[in-house]
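Here is a short tour of an annotated site and a nearby pair of elements to look at together. Please have the sequence and the 3D view at hand as you read.

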Number of protein chains: 2
Amino acid sequence: MKLNILGCYAATPRTLTNPTSQVLEIKNHLFLIDCGEGTQVQLRKNRIKFSRIDHIFISHLHGDHFFGLPGLISTLRLLGREKELHVYGPKGIKEGITLMLKLGDSWTNFPLLFHELSSKIPEVVFEDDNVSVETIPLDHRIYTNGFLFREKEGERKLNIQSVAKFKIDKAYFRNIKKGKDVTAEDGTIIPNKLLTIDPPAPKSYAFCSDTAYRPEIVPQIKEVDALYHESTFLQSEEHLTTKTKHATAKEAATIAKSADVGALVLGHYSTRYKTIDFFKKEAEEIFPNVHLADDGKVFEF
Amino acid sequence: MKLNILGCYAATPRTLTNPTSQVLEIKNHLFLIDCGEGTQVQLRKNRIKFSRIDHIFISHLHGDHFFGLPGLISTLRLLGREKELHVYGPKGIKEGITLMLKLGDSWTNFPLLFHELSSKIPEVVFEDDNVSVETIPLDHRIYTNGFLFREKEGERKLNIQSVAKFKIDKAYFRNIKKGKDVTAEDGTIIPNKLLTIDPPAPKSYAFCSDTAYRPEIVPQIKEVDALYHESTFLQSEEHLTTKTKHATAKEAATIAKSADVGALVLGHYSTRYKTIDFFKKEAEEIFPNVHLADDGKVFEF
């Protein structure tokens, strides 16, 4: 599971910092999460192939999380895309993006499918054989969802020595990997657990931005391998969180600790801070495994 | 008159090139012309004060000419702008921009005034004591205008020696600068031309992008000091101009020559070309004073 941070700063693009966007590589999927202005340039800088992105998840409709979307879609059109593109985001996103394209007579020549979200309780919005994605309702000034990405349990691995010992024919391998037992010619049943070993544990990733401190999300993100949680402010600016509905580094770490996650990645820093080092320091007082997102950075979990 | 090129490449933003946007400084005005994605970052790179921009002119509603506008307006809001912002562009621009801001509950706290254009003949869209701006109807795939910026004739300059010779009281200076004659105490009239010298000739600038070759614009832009004319293609790709409604460097130069302009600035280069040098070469075969726009470049005329 690989997380490419394209942009992770609050508010508007600046010469050296970009608004929110990231790409999660998980089981051969490339999921784009949020799409602030400049995302297509950041994708190029990070050498991510546009054609591999089929699913885009938008947390909420503040400009720093989706103003890059009309441009990215236009670029996909110019690149001659033909396959479907799925966009998941709050109700209204379809009208907004469609109008921006319509104004320029820039209809896409590929199916552009919007999945508009309005549920205030978690819902599965994407699922295939390998991965599921569900919303994490957050607490922000406008309707906002985080997203929880979960790998599904993979096939069981053949225990080569054991399979050889029982002289099992290759024809059975497919079923064994799926967890089935084997019945030998003499009628005895060889249980699957003797023939296989556990596959790697499926990974999970929770993206939570933008949001005020919201402990209600803890049960849903319990024990995920990695949690990206916004930390717009340091605790010294905690008085700003109520009106802006953002969180502090300490609050992000408290969520990480309560949910017992593997790693915490901080981001969405207010541009008022000269350096982001203090975010790590503040969070580490609560939770040990803290990482700082930064534009262009890649994490492997 | 100073022209800041923020972006001048066709199609979508790339790692090193930006879509169309430029700032014209003329008689203390800063006019923003077109606003492709990434314009606000380019403004910062060129150290142009956001607060000095009060008028934005959008040629047409293809993404590479206006997808940076919602983000720029959001930034002006965050910067606490209070004074009016005027946006001139094709009909539909108000609905598009307003919707993008509305989706995020991001109403501006300053008056955002749209001037929607639909005329197919030239019209004056802005005028004050110093400058006028009129549309230049162009020939593109969708409704498109260029813009013609004209300084107005300034006040006449006092001829200090002459004024001293005639012993003219300071109280008359205001009227003399406005071109009026002076009646001496003995009743003789001292004609203005004896008391003043001509002010600097007013400057003019024509922005023409995007457009197919359109000689009909020549009378309107006759003898402007500087003409920015798109040259998406070289003559070797002339066969592409009919469908795309773009022009070649040779065609741009032909317009410049027919209109007898002071200088031709080329831009809106297709990204198919590895170098832009050939555009200059091709144009110079027709017209002598050719300049190549490039992102970040500043011209003074």
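In chain A, the loop between strand 14 (204-208) and helix 8 (218-221) holds A:Asp210; helices (H or I, at least four residues) and strands (E, at least two) are DSSP runs, numbered from the N terminus. This is a predicted model, in which local features need pLDDT of at least 70, side-chain atom pairs count only at pLDDT 80 or more, and totals for chains, interfaces and linings use all residues. Residues are numbered from 1 along each chain as its sequence is written, and side-chain values use heavy atoms, with hydrogens and water left out.

A:Asp210 has a relative accessible area of 1% and is therefore buried (under 20%, with exposed over 50% and partly exposed in between; 1.4 Å probe, protein chains only). Beyond neighbours within four places in sequence, its contacts (heavy atoms within 4.5 Å) include A:His65, A:Glu230 and A:His268.

## The annotated site

The UniProt annotation "binding site", from an unreviewed entry, covers A:Asp64, A:His65, A:Asp210 and A:His268. They span 205 residues in sequence, yet no two of their C-alpha atoms are more than 10.6 Å apart, so they gather at one spot. Such annotations may be inferred rather than shown by experiment.

## His268 and its loop

A:His268 sits in the loop between strand 16 (263-267) and helix 11 (277-284) of chain A. A:His268 is also buried, at a relative accessible area of 1%.

## Where two helices meet

In chain A, residues A:Ala249, A:Lys250 and A:Ala253 of helix 10 meet A:Phe279, A:Glu282 and A:Ala283 of helix 11.

Conventions:
Chains are lettered from A and ligands numbered from 1 in the order in which they are written.
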